[in-house]
Amino acid sequence: MAIVQEPVRARLNGSTQLPADQAAATAATRGAVMTTNAAKLFAVLRVALGFVFLWAFLDKTFGFGYATPSAKAWIHGGSPTMGFLKGVEVGPFQATFHSWAGTGWANWLFMLGLLGIGLALILGVALRAAAVSGTLMLLLMWAAEWPLARHTAAGAPSMSTNPLIDYHIVYALGLIAAAATYAGNTWGFGKFWATLPFVHRNRWLL
């Protein structure tokens, strides 16, 4: 039975684009290829995750009335970490998170992390650093909610819906996937960022 192959398509700029099946067959490892559509999907994922972090920063800073009312905004003297960390009532790190709540260093690290990770993802630069720092932040938040427990320290239901995989873990996997697939090269400044001399010398900044 003869196999009919799709023709090689020429782009307007003179380059050619192999059909996905042919591209996969010619890759060093069969199937190891990022198609144009897949690259766009990862770019959308990257920007969406970036907006999650950036919106959290903006809402906590200015108090838009969603998660943070105006009176508790950071610019009005509110603490970005007080409510969440003081509200931890489950897990082995409860006392630790309570001691961190509202401290200056915790507020600044948290807010700078939200801003830096959000901007890096939206712009498509420094995705490796964003993935590492973002994953660390999300794991700490996962530990604060401790979905493994079915009851709080007071004995009330914890309302955990899954003992292991919650949205913090899913977001972290998305960050890692964006960095691993160089998602900043599509609809972002990843390619330009990689040509900068200090980035070229320090590949962990990609």
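Predicted model: local features only at pLDDT ≥ 70, side-chain atom pairs only at ≥ 80, totals over all residues.

Mentor: Residues are numbered from 1 along each chain as its sequence is written, and side-chain values use heavy atoms, with hydrogens and water left out.

Trainee: How do α2 and α7 lie to each other: parallel, antiparallel, perpendicular or oblique?
Mentor: Helices are DSSP runs (H or I, at least four residues), numbered from the N terminus. α2 covers residues 36-62 and α7 covers residues 167-180; their axes are 10 Å apart, at an angle of about 130°. Under 35 degrees counts as roughly parallel, over 145 as roughly antiparallel, 65 to 115 as roughly perpendicular and the rest as oblique. The two helices are therefore oblique.

Trainee: At what angle do α2 and α5 pack?
Mentor: Axes are lines fitted to C-alpha atoms, for helices over the stretch in contact, and angles run from 0 to 180 degrees between N-to-C directions. For α2 and α5 the axes are 7 Å apart. The angle is about 145°.

Trainee: How many nonpolar, polar and charged residues does the contact of α2 with α5 have?
Mentor: From α2 come residues including Arg46, Gly50, Phe53 and Lys60; from α5, residues including Phe110, Leu114, Ile117 and Leu121. By class there are 16 nonpolar, three polar and two charged.

Trainee: Which helices do the buried residues of α2 pack against?
Mentor: Buried means under 20% relative accessible area (1.4 Å probe, protein chains only). In α2 the buried set includes Ala39, Arg46, Leu49, Phe53 and Asp59. Their partners are α5, α6 and α7.

Trainee: Which way does α5 cross α6, left-handed or right-handed?
Mentor: α5 spans residues 104-123 and α6 spans 127-145; their axes come within 9 Å and cross at roughly 140°. A crossing is left-handed if the near helix is turned anticlockwise from the far one by less than a right angle, and right-handed if clockwise. Here the crossing is left-handed.

Trainee: How many charged residues does the contact of α5 with α6 have?
Mentor: α5 supplies Phe110, Gly113, Leu114, Ile117, Ala120 and Leu121, while α6 supplies Leu127, Ala130, Ser133, Gly134 and Met137. Eight are nonpolar and three polar. The charged count is no residues.

Trainee: Is Leu127 buried or exposed?
Mentor: Leu127 lies in helix α6. Beyond its neighbours within four places in sequence, Leu127 is in contact with Arg46, Ala120, Leu121, Ala178, Ala179, Ala183, Gly184 and Leu206. Its relative accessible area is 7%, so Leu127 is buried.

Trainee: Which residue with positive phi follows α6?
Mentor: α6 has 19 residues and reaches 26 Å from its first C-alpha to its last. After α6 the phi is positive, near 40°. The residue is Trp146.

Note on methods:
Contact = heavy atoms within 4.5 Å. Nonpolar A, V, L, I, M, F, W, Y, C, P; charged D, E, K, R; others polar. Buried < 20%, exposed > 50% of the residue type's maximum accessible area, 1.4 Å probe, protein only. Expected span 1.5 Å × (residues − 1).
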